[in-house]
Number of protein chains: 4
Amino acid sequence: MYFEYSDKVKDLQKRVTEFLEENVYPNEKTYQDQLNEGESRWIVPSIMEELKEKAKKAGLWNLFLPESEYGAGLTNLEYAPLAEIMGRSPIGSEVFNCSAPDTGNMEVLVRYGTEEQKEKWLMPLLNGEIRSAFLMTEPDVASSDATNIQLSIVRDGDEYVINGRKWWSSGAMDPRCKIAIVMGKTNPDAPRHQQQSQILVPLDTEGITIKRYLPVFGYDDAPHGHAEVELKDVRVPVSNVILGEGRGFEIAQGRLGPGRIHHCMRTIGVAERALELMIDRIQSRTTFGKLLADQGVIREWIADSRMEIEQARLLTLKAAYMMDTVGNKVAKKEIAMIKVIAPNMALKVVDRAIQAFGAAGVSGDTPLAKMYAGLRTLRLADGPDEVHRNAIAKQELKENPVLQK
Amino acid sequence: MYFEYSDKVKDLQKRVTEFLEENVYPNEKTYQDQLNEGESRWIVPSIMEELKEKAKKAGLWNLFLPESEYGAGLTNLEYAPLAEIMGRSPIGSEVFNCSAPDTGNMEVLVRYGTEEQKEKWLMPLLNGEIRSAFLMTEPDVASSDATNIQLSIVRDGDEYVINGRKWWSSGAMDPRCKIAIVMGKTNPDAPRHQQQSQILVPLDTEGITIKRYLPVFGYDDAPHGHAEVELKDVRVPVSNVILGEGRGFEIAQGRLGPGRIHHCMRTIGVAERALELMIDRIQSRTTFGKLLADQGVIREWIADSRMEIEQARLLTLKAAYMMDTVGNKVAKKEIAMIKVIAPNMALKVVDRAIQAFGAAGVSGDTPLAKMYAGLRTLRLADGPDEVHRNAIAKQELKENPVLQK
Amino acid sequence: MYFEYSDKVKDLQKRVTEFLEENVYPNEKTYQDQLNEGESRWIVPSIMEELKEKAKKAGLWNLFLPESEYGAGLTNLEYAPLAEIMGRSPIGSEVFNCSAPDTGNMEVLVRYGTEEQKEKWLMPLLNGEIRSAFLMTEPDVASSDATNIQLSIVRDGDEYVINGRKWWSSGAMDPRCKIAIVMGKTNPDAPRHQQQSQILVPLDTEGITIKRYLPVFGYDDAPHGHAEVELKDVRVPVSNVILGEGRGFEIAQGRLGPGRIHHCMRTIGVAERALELMIDRIQSRTTFGKLLADQGVIREWIADSRMEIEQARLLTLKAAYMMDTVGNKVAKKEIAMIKVIAPNMALKVVDRAIQAFGAAGVSGDTPLAKMYAGLRTLRLADGPDEVHRNAIAKQELKENPVLQK
Amino acid sequence: MYFEYSDKVKDLQKRVTEFLEENVYPNEKTYQDQLNEGESRWIVPSIMEELKEKAKKAGLWNLFLPESEYGAGLTNLEYAPLAEIMGRSPIGSEVFNCSAPDTGNMEVLVRYGTEEQKEKWLMPLLNGEIRSAFLMTEPDVASSDATNIQLSIVRDGDEYVINGRKWWSSGAMDPRCKIAIVMGKTNPDAPRHQQQSQILVPLDTEGITIKRYLPVFGYDDAPHGHAEVELKDVRVPVSNVILGEGRGFEIAQGRLGPGRIHHCMRTIGVAERALELMIDRIQSRTTFGKLLADQGVIREWIADSRMEIEQARLLTLKAAYMMDTVGNKVAKKEIAMIKVIAPNMALKVVDRAIQAFGAAGVSGDTPLAKMYAGLRTLRLADGPDEVHRNAIAKQELKENPVLQK
């Protein structure tokens, strides 16, 4: 056991932190202002492209991507504390080209893409020139069970014909979003885990209609957005399939581990920022003649928040460590645990911060309510808490067969 | 003890319920559509005025207002179960001219208004012709302690000159909102509870600027809205003061009891509707080959929700009963208790419903996320939970002086 | 709705309260001392018999037993607030001949007993001359499902021959305990709810062996005790069967309603006493230069306790009201709810009180730890929380068939 | 970051585990039986002395004591996982001569004792020949604030005269307990943190009376026990003072860090064992036709328990790591955190296990209720949760001075 970051990580933490303090935090408002200035909010705030250039120049680019020549060569354990820092700002991850779902899509292409697919889609993604979407969830089925996915992908000569409806396609509203990885069913008659395929579909292909965006607690999450997408007789060449027909479920499984670690670490960053805001607030607000910071109940909120954050962070780091050392499959219990723990923890911390801020906490004058809304989706995305708790228990029972009787 | 509603109440419950089923629920979407159709959302959806006419004709109008010839002659206990039913729909209370802050403002005018004030402002409010705002909360002070209020009201001849800034002035965005009751300081040198006055200020008076609306989470709550209002050298005649100079705190106290009961009962209605939606959902959604309704964890959510709602309702009704029989002052502990209990209870119920709905729960496809946002403000409005818990404990200690030592 | 006790009840509350203050509280220690003085703790402390005589003389005797000429003629709703007051003292209920399992056994005999059975067993129980046990739970099966009961009752001529093993036979350790109602299987081939019978078995019958007592946490609960009982070829006349062969399940069901109400009301009394002790403590204990009563965190404990108690009491009273008016069967959801709510609520209150008392709270110097232990069993007795939560949900789903789809 | 135990630790874990499986678990019942056989329970069960001999021979002895030639030379981080394993059995720690309060007392003597003190008291303690007590807590003051300690230590020539009353003197009931470290006030006029001294007092000194033992939830914790001790004109030579007059507070502080780590790790062992028992139970118990392990609610208990244990363990290990690397003082926030986290976590796990076991869980047929009682004291011992939460918050505020305003 060794509870310190390596020198390499400490150096990167310092650099990412300084970058945020100098460039990102001061521009969070600029970013929102630019979004609000246009007629539509589905635009690209120019400040983002400027910050991306700066980050690229500073060598803080594509820090994810373990075990790959394309990225910065960091392990999950090394990347995790950096994802946490980026997660402190709602625009932090994108600045470093480390935001979902691009990170997951790039990983899929790195691992399973053909040279042609890499050339065409991975390179511009790595360069931050385009963005991407992952079309997985469907409105009519419980998508936490990936075998439920209904979208149809039928081969017709040299093409696949795609028909179906997806929603919560995050990022698909963004004007820079050019490519989607679409999960669907190529063979309903195959064994249960071989019915699905993943296929690359350029978003300007005929037959694709963005029906609407889905708000989250009233927020549009522009310019990213969560889209409902209709695919009607959409045709793409057979070479667009990833890894091969019937291997969609396998790709989906491989995608989950890193994706969850990233989300959890960003989530811990969100919690840290909320705690920081709360600590700042209570040291400058007086009620009934007493500083909030001097009230016992509020102090308990601080102590509980700190205890919950520290524990969640350590377990997330351990899960990252296990992914690096024994692999995502063996680490699945730990990954499931942090998937449940991190958002629930952060929701508690943010809720306390809202309470400490009073009315300002639920409004747009603090980032707290939006943090809360975003975190709340994480108890559902990639499967609700209940599915993961059940998986943890199943694993635990498997590891402890009954002793007597 | 007698745990049944009177026949009079049962009849009204039936009529209000039927009115909602026939007229309100089916038009919730119409109302939203009308809001979204115009260029601005700060308009009056015509469906609302139509529904108000219908309710008036059905004799379901101004059901609040206990002990007054202006209302329907119901006690708090009789009105409470009706407020619950109205609260089931986000547009329910307004249809019956029973929505905040008009109800509180009308009560103030009924109790403390001069004949002239009643003629000019109470009558059109009772008729549902105009709406009103209550300008209490200020951005820079902890307004849960009413003696903190800083807005200045200075007499100048036959007029008062008002200067200050208010926020969370709910309803002030509505084009029908014509009059505000403004709380402010007339005499900084008076004893602590006699410094404040309440005064009627028409919203079209020179010097009043609506600076912006404050979103709740990402919702604008249009056309009602929560405004930040600047008052700069605003002049009104001295006859606009209510009850007399220095009596603002006294009026504020009198307003709190009924206001809280109303909010709590509506909140219980919200919880009931969320539970109903959840029960409907789980009986029609299958995951991993099993109906949600057949999963033990989900059943616990149903059972816990039912237990929490039932208990909260009974205590709210008891508080209403006490207000009617021993008065708001003696009932203050019970009022403080339900002020804490009702929103916290409803937040739990709604959060479970969100979880049962998955992604649809956080979006606009169910009313749940908006319910959650609205309920979350109730843990802060009229004083945060912590202030009320403290008041309950103080009262409890007072009732139980130390026995030994 | 009417939230006040009747004059009759108020008078009885006053009398029972005064009786406790004058006679019971001051003798709680005497009772313990008498238990500790002998060689064994399985004796009858003489103070109990003296107090019983006093209570009988004061006309405060057999206050339970609704709808019966044998009792005081109180409804469940009338008796409930008295059971609460008695529950405040660990020896309170027995003083008034209102303690379990005698109350339940007497009710069974009143309702279903033959004249002979009443003469022989009900009369001495009503007079407080003997005590009784209810042999239901078995070590090897989940007894919350009564159809699991395995003890065998086989007819042999004019006798039944009983074989089996019971545990948690509360009260069976008491030297005054003379009679047991035993639940067992008379016909394994009958339909599921007609296999069981209940039969009267004098405890001095040959073949009955009290194997041991079961401690609760570290308490023996002497002289009452919870026994493990072996029944080996125990023979009783056929006339000892209650109501008739195969009707044991039916009797068990009928027994549950009042039994639960009684337990819940006593439980609320326990919570009230713990809160009272805590309030007393915090007003006389100083840490770090500050009275505990002036610390915000402790005040929250007081407020939360008061809120939880008030809500639980109201729902329990409502359940009692429903039992009186619509019957135990229709009231089953409410009965299940308070069965879950009351002990969980009281455990929280007592746990806070323990924390406020520090080390004294877990020791024998306050009654708190013993209260906790006793309450903890109530989350298991008569079926664990989970069984009742499931029943509540089932009932709720039944009342709300799916609306659409 | 490195999340694996060293080879040295893994080897010791294996050896301690095997020792428990072969020698300790099978003798837990023997130990209890020997206690129950005698007339008194304040005896030494011979099995314990046998097991101690075996452990000594196996080289598993005095594994605590970091940075000392007297112990096994393990760091806190290395010892922690062993303490966890020992903590799984209620008799585990003593077998390896690693049980409180001897460990703390030995550490004090190692660090601060004179050669004479070491010779006389440390050596027999290290050899497991005698046991010891730490007389700190007093009945009349809040002892979590050590400056409150009132026991008087007055110099009289070559002796100190001690007068006062202590309670919760754990281990003082044990016939092997020969020596106590007593905390008291030598100089009421000195600065606040220099008033106290710690002094060695043989338990057979005239003037010492063990007044009684204090039960914990009905348990006597024999033969260890928690004693109330009267000290009346007790005289010891001045050479018995430890470190010097006025340095008692300083010693008390130094003692806390390791003591808490040990307790926390044992507590995690308790939680692990309870979880193991629960997993075993639910895989062999059926209710309503379904294995408990197949019920969703029970699975949530397993998942939540696993998540809570894992997080608590990691933070405890991190605290141990910090104590080894930056010292107890810098690690004080982490130490305070685990002091709060570990017992609260374990109480939740054990409570769930009790619920899964039903009535057996609260009785003596499982170790669960006794575990619960013991854990409950840990929320109070060495200061209640509230004191530590407050300390964590204070530290957090100190580390985050207000940023703006």
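1. Two residues are in contact if their C-beta atoms, placed from the backbone, lie within 7 Å. The structure discussed here is a predicted model. Among the contacts in chain A with a separation of 6 or more, 72% join residues 24 or more positions apart.

2. The secondary structure of chain A consists of 13 helices and nine strands. Its radius of gyration is 22 Å, close to the 22 Å that the globule rule gives for 405 residues, so chain A is as compact as a globular protein of that length. The C-alpha trace of chain A spans about 75 × 70 × 40 Å along its principal axes. Of the 405 residues in chain A, 57% are buried.

3. Chain A is divided into domain 1 (7-113), domain 2 (131-242) and domain 3 (249-399). The C-alpha centres of domain 1 and domain 3 of chain A lie 20 Å apart. Between these two domains, 21 residues of domain 1 of chain A are in contact with 22 residues of domain 3 of chain A.

4. On the side of domain 1 of chain A that touches domain 3 of chain A, α4 (76-87) and α6 (102-112) of chain A each supply at least two residues. The most comes from α4(A), with eight residues. By type, the residues of this side of domain 1 of chain A are eleven nonpolar, six polar and four charged.

5. Chain A is superposed on chain C by a rotation of 180° with 0.0 Å of shift along its axis (RMSD 0.0 Å). This is the relation of a two-fold axis. Moreover, 100% of the interface residues of chain A are also interface residues in chain C, so the copies meet through the same surface.

Technical notes
Residues are numbered from 1 along each chain as its sequence is written. Chains are lettered from A and ligands numbered from 1 in the order in which they are written. This is a predicted model: local features need pLDDT of at least 70, side-chain atom pairs count only at pLDDT 80 or more; totals for chains, interfaces and linings use all residues. Copies are superposed by least squares on the C-alpha atoms of residues with pLDDT of at least 70 in both. Helices (H or I, at least four residues) and strands (E, at least two) are DSSP runs, numbered from the N terminus. The radius of gyration is taken over C-alpha atoms; the globule rule is 2.2 Å times the number of residues to the power 0.38. A residue is buried if 20 or more other C-beta atoms lie within 10 Å of its own, exposed if 12 or fewer, and partly exposed in between; C-beta atoms are placed from the backbone. Domain bounds come from an automatic or database domain assignment. Ala, Val, Leu, Ile, Met, Phe, Trp, Tyr, Cys and Pro count as nonpolar, Asp, Glu, Lys and Arg as charged, and the others, Gly among them, as polar.
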